[in-house]
Amino acid sequence: MKDFYKVLGVRQNATLAEIKRAYHNKVKLLHPDSSGDVSHKDEFNEVVQAYRVLSDNRQRSIFDESIISHIFRKKNGSGEFNYYNWLSERQDQESRAKLIFYTLMHNKEDEAVAEFKRM
């Protein structure tokens, strides 16, 4: 899996402005029309794809979650990803709501109520 943050040379918490700036700088160097070199075509396409994903909030969120699960699997040496534990460790409102929904779907009403009260 390609790490689009590394492709653009930005941090994971980079702002949209930083992502745009990095994209424009990379494109200037790699674009076949401006550089006259077509050997960087694949690298140029990766930069374009990275920008498309990271500049869209929804796609970026999905990408971030897939990177986290990939790192988690690599770190633990197993292919298992525990969604419940992952949601429990997060503090944002969306994850808290997903955790409540998850516990309700798995017939753990008491945990869902406790989580709701914690919110």
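Guide: Buried means under 20% relative accessible area, exposed means over 50%, and partly exposed lies in between (1.4 Å probe, protein chains only). This is a predicted model, in which local features need pLDDT of at least 70 and side-chain atom pairs count only at pLDDT 80 or more, while totals for chains, interfaces and linings use all residues. Residues are numbered from 1 along each chain as its sequence is written, and side-chain values use heavy atoms, with hydrogens and water left out.

Visitor: How many salt bridges does a search of the whole structure find?

Guide: Side chains of opposite charge can pair when their charged atoms come close. The criterion for a salt bridge is a side-chain nitrogen of Lys or Arg within 4 Å of a carboxyl oxygen of Asp or Glu. Searched over the whole structure, the number of salt bridges is five.

Visitor: Is R96 buried or exposed?

Guide: The relative accessible area of R96 is 4%, so R96 is buried.

Visitor: How far apart are the closest N and O atoms in the salt bridge of E18 with R11?

Guide: E18 counts as partly exposed because its relative accessibility is 25%. R11 is also partly exposed, with a relative accessible area of 47%. In the salt bridge of E18 with R11, the closest N and O atoms are separated by 3.0 Å.

Visitor: What is the phi of N107?

Guide: Most residues other than glycine have a negative phi. N107 lies in the loop between α7 and α8, and its 61% relative accessibility makes N107 exposed. N107 is not a glycine, yet its phi is positive, at about 55°.

Visitor: How far apart are the end C-alpha atoms of helix α4?

Guide: The expected span of a helix is 1.5 Å times one less than its number of residues. Helix α4 (residues 41-54) has 14 residues, so α4 should span 20 Å. Its buried residues include F44, V47 and Y51.

Notes:
Helices (H or I, at least four residues) and strands (E, at least two) are DSSP runs, numbered from the N terminus.
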